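Dear colleague,

Please read them with the model open beside you.

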Amino acid sequence: MSLYDGKTYRFIKALDISPADIEHVYWHTSDPDVLFYVDRKDLIRYHVGAETKEVATTFDFCSGGASAGSDPLFMSWDSNRTGLTCDEQVFIDEHGQGLPDRSPPELGQREHQPR
């Protein structure tokens with residue numbers, strides 16, 4: 001995967017990331033050096049400048065890999081929550097700093113986040 005300048009389309013560099021699809025890459029909304037993507041059971045936080053990866057969340061409850069699904073949406077405006085799917089369940093992962101760890105909802109339940 002490659003990174004290009006958004007205005008000139010000039011090639012900047014290759015990115016050492018492996019998302020399932022280009023639409024499954026999420027830029028952090030306030031830190032342009034950070035992007036997120038799912039790699040099997042891990043949500044990866046990738047630091048573009050340093051070219052380093054760190055695991056933001058591991059989805060141990062998934063028997064297979066997690067995914068952004070067939071029609072991924074944008075992550076939350078504060079970049080602390082991402083809607084994902086695995087094992088036929090849809091869940092919201094809260095991976096921002098200071099947020100509590102959460103287990104997935106029971107199959108068939110929907111989560112509601114207050115506004």
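In these notes a residue is called buried when its relative accessible area is under 20%, exposed when that area is over 50%, and partly exposed in between, with a 1.4 Å probe and protein chains only. The model is a predicted one, in which local features need pLDDT of at least 70 and side-chain atom pairs count only at pLDDT 80 or more, whereas totals for chains, interfaces and linings use all residues. Residues are numbered from 1 along each chain as its sequence is written, and side-chain values use heavy atoms, with hydrogens and water left out.

Of its 115 residues, 35% count as buried. The protein exposes about 7,600 Å², of which carbon and sulfur atoms supply 49%; these areas come from the Shrake-Rupley method with a 1.4 Å probe, and for residues only the protein chains shown count as cover. If a contact is taken as heavy atoms within 4.5 Å, then among contacts between residues at least 6 apart in sequence, 30% join residues at least 24 apart.

Next, the sheet. Four strands form an open, antiparallel sheet in the order β3-β4-β5-β6, two strands being counted as paired if DSSP finds at least two bridges between them. The edges are β3 (25-27) and β6, each of which has a single partner strand, so one side of each is left without a neighbour in the sheet. From one strand to the next the twist averages 25°, with axes fitted as lines to C-alpha atoms (for helices over the stretch in contact) and angles running from 0 to 180 degrees between N-to-C directions. Within this sheet, β5 (residues 42-47) runs antiparallel to β6 and is joined to it by six bridges, and Leu43 stands opposite Thr57 in β6.

Strands β7 (residues 81-86) and β8 (residues 89-94) are antiparallel and joined by six bridges, with Gly83 partnered by Ile92 in β8 and Thr85 standing opposite Val90. Two residues lie between the strands of this hairpin, where Asp87 takes a positive phi near 50°. On β7, Thr82, Leu84 and Cys86 make up the covered face, while Arg81, Gly83 and Thr85 make up the uncovered one.

Cys62 lies in the loop between β6 (52-58) and β7, and Cys86 in strand β7, so the pair ties together parts that are 24 residues apart in sequence. The torsion about the S-S bond of Cys62 and Cys86 is about -85°, so the disulfide is left-handed. Cys62 is buried, with a relative accessible area of 1%, and Cys86 is buried as well, at 3%.

Finally, there is His95, which is placed in the segment after β8 and is buried, with a relative accessible area of 6%. The C-alpha atoms of His95 and Ala56 are separated by 6.3 Å, although these residues are 39 apart along the chain. Leaving aside residues up to four places away in sequence, His95 touches several others, including Phe36, Leu43, Ala56, Thr57 and Thr82.

Methods
Disulfide = S-S within 2.5 Å.
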